[in-house]
Amino acid sequence: MPKRCFIAINLPQEVKDQIAKLIFKLKQTNSSKLIKYVKSENLHLTLHFLGNLTEEQVRNTQDILRLTLDSFPKTN
């Protein structure tokens with residue numbers, strides 16, 4: 001079964017907390033049921049949406065990303 005996949009950066013907790021405060025204010029301003037607000041634990045920065053991938057495509061993509069990331073120096 002295909003999975004919706006994307007390449008993303010996880011955000012620091014402090015950033016998620018600040019965005020969560022903004023979302024709370026937005027909900028107070030517009031509580032329409034048509035708007036689906038994101039839970040703070042699901043916040044991330046999407047770099048590229050890959051679409052629906054098979055398990056094999058997911059594994060191949062992970063391998064490629066690992067090889068690509070390994071070519072960069074590690075930083076703290």
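Lys74 and Asp70 are both exposed, a class that requires over 50% relative accessible area, while buried means under 20% and partly exposed covers the range in between (1.4 Å probe, protein chains only). The side chains of Lys74 and Asp70 meet in a salt bridge, at 3.7 Å from N to O. The term salt bridge stands for a side-chain nitrogen of Lys or Arg within 4 Å of a carboxyl oxygen of Asp or Glu. Side chains of opposite charge can pair when their charged atoms come close. The model is predicted, so local features need pLDDT of at least 70 and side-chain atom pairs count only at pLDDT 80 or more, whereas totals for chains, interfaces and linings use all residues. Residues are numbered from 1 along each chain as its sequence is written, and side-chain values use heavy atoms, with hydrogens and water left out.

By the salt-bridge rule, the count comes to three. One of them joins Lys3 and Glu55, whose closest N and O atoms are 3.4 Å apart. This pair links distant parts of the chain, with Lys3 in strand β1 and Glu55 in helix α2 (residues 55–70), 52 residues apart. Helices (H or I, at least four residues) and strands (E, at least two) are DSSP runs, numbered from the N terminus. Lys3 counts as partly exposed because its relative accessibility is 43%, and Glu55 is placed in that class at 35%. Another salt bridge connects Arg66 with Asp63, with 3.3 Å between the closest N and O atoms. Arg66 and Asp63 are three residues apart in helix α2, so about one helical turn separates them. Arg66 is partly exposed at 48% relative accessibility, and Asp63 is partly exposed with a relative accessible area of 40%.

Turning to the whole chain, there are two helices and two strands, and from the N terminus on the elements run β-α-β-α. The radius of gyration is 17 Å, whereas a compact globule of 76 residues would have one near 11 Å; this radius is taken over C-alpha atoms, and the globule rule is 2.2 Å times the number of residues to the power 0.38. Along the principal axes, the C-alpha atoms fill a box of roughly 45 × 35 × 15 Å. Of the 76 residues, 11% count as buried.

Strand β1 also holds Phe6, which is partly exposed at 41% relative accessibility. Phe6 and Leu47 lie 41 residues apart in sequence, and their C-alpha atoms are 7.5 Å apart in space. Leaving aside residues up to four places away in sequence, Phe6 touches His44, Thr46, His48, Phe49 and Leu50, where contact means heavy atoms within 4.5 Å. Among contacts in the chain between residues at least 6 apart in sequence, 79% join residues at least 24 apart.

Lys16 is buried yet has no salt bridge, and the nearest side chain of opposite charge, Glu41, is 7.9 Å away. For such pairs, Lys and Arg count as positive and Asp and Glu as negative, while His and the chain ends are not counted. With residues up to four places away in sequence not counted, Lys16 touches Asn10, Leu11, Ser40, Glu41 and Leu43.
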